[in-house]
Each structure stands twice: as C-alpha cells, then as structure tokens.
Amino acid sequence: MVQMWRLLLLCATSILIGPTIGSSADSPPITQVLVAYHSLSGNTERMAAAVAEGARTVPHTEVIVRRIGSVTAEELFAADAIVLGSPVYWSNMAGEVKAFIDDWQFKFGVFPEFKLKNKVGAAFATGGQISSGKELTMLSILAAMLGNYMITVSGGGAFGASATTEGNSPGIDEQELGSARELGRRVADVAGAVKRGFALQERGVR
Ligand SMILES: Cc1cc2nc3c(=O)[nH]c(=O)nc-3n(C[C@H](O)[C@H](O)[C@H](O)COP(=O)(O)O)c2cc1C
C-alpha cells in the first residue's frame, strides 16, 4: 500500500515538474548584438548608446558597444547582429569605418567562406547638415553587409537611424535618439527571430 502511494506521488511530481524542465531546456538562446562606431566629437557615440539601449529592451539580448578599431575577432564572430555607426565624411562613411569593414577580410578573413553570412546588419549615421550624405553613408555600410551575405534591416528611418548635428540644428534631439533606440530594438528582435529560426531548422523542425 505504501509503495502504491509512493508511485502515485512520483507520477504527480513528474507531471508537475516535467513541463518546467522542458521549458528551461527550450528557453530562447541569447542574442548577441555588437554596436560598433567611429566618433571624434561624440555625436555618433551618443547614437550608438541609444541603439544599444533599444536593443537591451528585447528579452534574451546581450549588447556590447565598441569603438570600431577595438572590435576583436571573437566579438565579431560571436555577434548575431552587427550595427555600424559612422559620421558623414564628405558625403560618405568615415575612412575608419571603411577600414574596419575592409579588415573583415584583412584581419578576420571572412572570405571565401562568407563567415558573416546570415548575421543581421544595420547602420546609423550622424551628419552636420540636413541633406549632405547621411543616407548614402548608411547605404554604403548596408551595401558592404549585403556583399557579406548578411541580412540587413532598417529601423528608425528608411535606411537606419540618423541625426543632424551642425548648422541650424541644436544637435542631436530626443526624436533622433528615439530613432536610434527603435533601430536597436528592431535589430535585436529580428536577430532573435533569425537565431531561433535557424536553431529550429538545425533540429529538423520546419
Ligand atoms: C572631414 C569631415 C567631413 C565632413 N563631411 C560632412 C559631409 O559631407 N556632410 C555632412 O553632413 N557632415 C559632414 N561632416 C560633419 C560630421 O559628419 C558631423 O559633425 C558628425 O556629427 C560628427 O560625428 P562625431 O561627433 O561622432 O565625430 C564632416 C566632418 C568632417 C570632420
């Protein structure tokens, strides 16, 4: 009789605990977002901080923010999403940002395997004038990402988040910081969905 009670207790316990064990094994993987930027006078750095802030609002997301020259191979390859920020220099991205992208090959050897393939990519920019190269700067960054078979996304604007910093502008305003947060949120959302999708695919679930 005592044995039967023990058996019943065991069954009840496994019914109660079973789903908990199952869900912890199935808990979503952590999405790693790398935000890398160049900035001399601090504007693009402020936008980078806002992008990171937005990404951190998405559950199961880890974010690292780096000056562009200090990104390590480990950080680059561990990232599920890479968001690059540049000031506009002569209507395009800063040389430092282009050099970093070239280093994807020279330093990190991404080709011919396309080692950044299927990572999510996005861009943000700050420029002194309203219409003097911010969109081209973001598009140039996105073009390099597409060339690496990355999955590019926008957010906060048609090509990414941007801010005007000089001339009649009083500097980066709350709306522009909001667009940067929106970009960060969207990047983390999409990167999480992509990561979970590929994980299911690997397990043979379609
Ligand atoms: C060499 C140089 C070239 C620039 N060219 C442009 C330009 O073509 N268009 C523009 O809107 N701003 C231009 N700017 C202004 C910067 O893009 C702007 O001040 C930016 O916000 C600086 O970013 P930072 O504070 O992160 O360094 C230029 C600045 C420098 C130093």
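This is a predicted model: local features need pLDDT of at least 70, side-chain atom pairs count only at pLDDT 80 or more; totals for chains, interfaces and linings use all residues.

**Exercise 1.** Determine in what order the helices and strands of the protein follow one another from the N terminus.

*Solution.* Begin with the inventory: the secondary structure consists of six helices and seven strands. Read from the N terminus, these elements run α-β-α-β-α-β-β-α-β-α-β-β-α. Then consider the contacts with a separation of 6 or more: 79% of them join residues 24 or more positions apart.

**Exercise 2.** Identify which elements give two or more residues to the largest nonpolar core, and which residues in this core touch the most other members.

*Solution.* Start with burial: 42% of the 206 residues in the protein are buried. The largest nonpolar core holds 50 residues, and those touching the most other members are Val33, Val35, Val51, Ala81, Val83, Phe124 and Val187. Next, assign the core to elements. Two or more residues each come from strands E1 (31-37), E3 (81-89), E5 (120-127) and E7 (161-164), and from helices H2 (43-56), H4 (95-106), H5 (134-147) and H6 (174-202). H6 supplies the largest share, seven residues.

**Exercise 3.** List the residues with which Phe124 is in contact, leaving aside neighbours within four places in sequence.

*Solution.* The partners of Phe124 include Met47, Val51, Val83, Gly85 and Met138. Further along the sequence, Phe124 also contacts Gly160, Ala161, Ser162, Ala180 and Leu183.

Methods
Residues are numbered from 1 along each chain as its sequence is written. A nonpolar core is a set of buried Ala, Val, Leu, Ile, Met, Phe, Trp, Tyr and Cys residues joined through C-beta atoms within 7 Å. A residue is buried if 20 or more other C-beta atoms lie within 10 Å of its own, exposed if 12 or fewer, and partly exposed in between; C-beta atoms are placed from the backbone. Helices (H or I, at least four residues) and strands (E, at least two) are DSSP runs, numbered from the N terminus. Two residues are in contact if their C-beta atoms, placed from the backbone, lie within 7 Å.
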